[in-house]
Amino acid sequence: MRYLIFGTGDYYDRYKKWFKSQEVLALLDNSHQKQHTFIDGIEVLSPEEGIQLPYDAIIILSFYVKQMKQQLISLGVEDEKIFHFYDLHQLMAQSKEIRSIQYYLDAKKIIELNTASEPKILLISNDLALGGPSIALMYAALILKKHRYNVVYASMLDGPLRESLIENGISVVVDENLQLAVMKEIAWVKTFSMILCNTLNFHVFLSERDTDIPIIWWLHDARFFYDGVNRNVIGKINLDNLKAVSAGPVPAEAIKEFLPNLVCDELIYGVEDSEEDNDKHINSKATRFITIGFLEERKGQDILLQAIHELPDDIRNSSEFYIVGHNNTLFGEKISKESEDVGNIIITGSVDRKKIHEMLSASDILICPSRQDPMPTVAAEAMMHSVPCIVSDITGTAAYIHDGDDGFVFQCENAHALAEKIEWCVNNKYRLESMGKKARTLYENRFSMATFEKRFLEITEVYINECK
């Protein structure tokens with residue numbers, strides 16, 4: 001096979017290992033800065049240039065598959081020659097190379113235990129990055145360990161979370177074969193009493209499963225992430241002995257389109273309480289707004305910029321707007337350029353977790369202007385710091401906020417409505433401290449670790465008892 005790979009970012013790094021360099025004719029990217037450079041010894045071309053080569057298939061390594069596929073089709077590429085990384089199991093069924101497995105702490109010992117005598121539970125994540133779903137799954141593992149279950153945390157990819165898991169006594173398996181394989185092809189998972197899978201990424205894995213092993217499928221994904229899903233593959237998932245849980249209403253609604261008979265219970269993650277003082281000290285000079293998240297269209301930082309430009313001069317000049325998150329993208333460059341004329345917009349780039357908590361604690365309001373965001377962890381973290389949030393109505397968090405009481409909700413993509421919320425906050429700054437206290441109460445009732453532990457054990461009780 002002769003491939004063109006469309007996308008050179010995070011998902012290229014995740015999946016490039018499955019392609020032999022001699023099979024890849026070129027990498028495709030819309031960034032003019034990357035075009036005609038070389039990545040891993042392979043030239044980067046524009047899509048227009050790349051499709052002139054004698055390729056057999058184009059693989060999209062990005063979650064922006066819908067837009068990228070439409071671009072390719074508009075250039076004359078045949079639909080049947082376009083694939084997504086979800087399709088790699090099918091595309092490489094005969095040729096994929098089996099990769100080695102890494103075991104940490106007592107992972108091998110637990111895998112080899114007799115299931116009947118000592119029940120054991122496997123939790124599987126799509127990565128070990130410091131993202132919300134993988135951290136939430138780590139907390140689930142810690143709860144199970146506290147209740148004296150044999151627990152293994154497995155992942156498709158290695159990452160910095162592995163160190164935290166090991167420090168907390170959680171055994172870890174890193175098996176890159178999970179990226180492409182179905183459950184029936186992974187022999188070592190068959191020794192577990194129960195499996196908890198995390199995110200939509202595991203729909204291929206579940207499409208050919210052992211129904212004797214109880215599965216809990218924890219969904220965190222908005223509709224956006226389903227654009228690359230093959231309906232025939234996800235439709236093969238056997239729902240027997242499978243329980244789905246959703247991090248709020250957004251993932252539950254998204255999966256219905258593909259598996260209408262799948263019932264989802266609610267399971268919102270828990271956010272660990274900060275050891276810092278959570279009392280708010282309102283900045284007397286300017287009202288400080290903060291937005292935290294990867295700079296991309298889905299996160300809606302451009303909507304925030306539109307709202308800022310709509311503000312009256314006196315409101316804008318008495319405010320500070322911090323935009324925090326990875327910005328080394330075309331979208332990030334666009335946001336940086338369009339914010340140059342507003343002196344009180346500060347774009348920080350990525351910061352570490354400690355810095356995020358420091359910045360939240362020093363802020364008056366968190367703004368989450370997302371177009372799609374199932375349950376942004378940062379909103380719960382803000383409320384934990386007694387910081388009220390302004391969120392778009394498309395976010396999962398909006399379902400729990402009482403507008404004007406413990407936070408604010410505005411219509412998604414309505415920059416004018418967002419500007420009105422910002423203006424109210426500036427004009428009523430003296431009320432933000434009391435709102436922040438109510439936001440803290442919302443955190444304790446919905447997003448605290450105590451609440452999560454109670455709900456997690458309630459949901460898994462039936463399956464756990466079956467394992468005994």
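Helices here are DSSP runs of at least four residues, and strands are runs of at least two. By that count, the protein chain in this predicted model holds 18 helices and 20 strands. Its radius of gyration is 23 Å, close to the 23 Å that the globule rule gives for 468 residues, so the chain is as compact as a globular protein of that length. Along the principal axes, the C-alpha trace spans about 65 × 60 × 40 Å.

How much of the chain is buried? Of the 468 residues, 57% count as buried. Contacts tell of the fold as well. Take those with a sequence separation of 6 or more: residues 24 or more positions apart account for 68% of them.

Now turn to one helix. H3 covers residues 65-74. Its buried residues are Val 65, Met 68, Gln 71 and Leu 72. Viewed down the helix axis, they fall within an arc of 130 degrees, so they line one face of H3. What do they pack against? Their partners are strand S1 (3-6), helix H2 (47-50), strand S5 (57-60) and strand S6 (82-84). The face turned away from this buried side carries Gln 70 and Ser 74, both exposed. Just after the helix comes Gly 76, with a positive phi of about 100 degrees.

Next, a single residue within a strand. Ile 290 sits in S15, which runs over residues 287-292. Is Ile 290 buried or exposed? Its relative accessible area is 1%, and buried means under 20%, so Ile 290 is buried. Leave aside residues up to four places away in sequence, and Ile 290 touches Tyr 322, Val 324, Met 359, Leu 360, Ser 363, Ile 365, Leu 366 and Ile 367. Leu 88 lies elsewhere: 202 residues separate it from Ile 290 in sequence, and the two C-alpha atoms are 39 Å apart.

Finally, the empty space inside. Rolling a probe the size of a water molecule over the atoms shows where such space is left. How many cavities of 30 Å³ or more are there? The count comes to 1. About 70 Å³ of space lies in the largest cavity. Residues from several parts of the sequence line it: Tyr 15, Phe 85, Tyr 86, His 89, Met 156, Leu 178, Gln 179, Leu 180, Ala 181, Asn 201, Val 204 and Phe 205. By residue class, this lining divides into 9 nonpolar, 3 polar and no charged.

Notes:
Residues numbered from 1 in each chain as written. Predicted model: local features only at pLDDT ≥ 70, side-chain atom pairs only at ≥ 80, totals over all residues. Heavy atoms only, no water. Buried < 20%, exposed > 50% of the residue type's maximum accessible area, 1.4 Å probe, protein only. Arc of directions from axis to C-beta. Contact = heavy atoms within 4.5 Å. 1 Å grid on protein atoms, 1.4 Å probe; cavity = no way out; pocket = protein on both sides within 12 Å on 5 of 7 lines; lining within 4 Å. Points joined across faces, edges and corners; volume = space filled by probe spheres on them. Nonpolar A, V, L, I, M, F, W, Y, C, P; charged D, E, K, R; others polar. Rg over C-alpha atoms; globule rule 2.2 N^0.38 Å.
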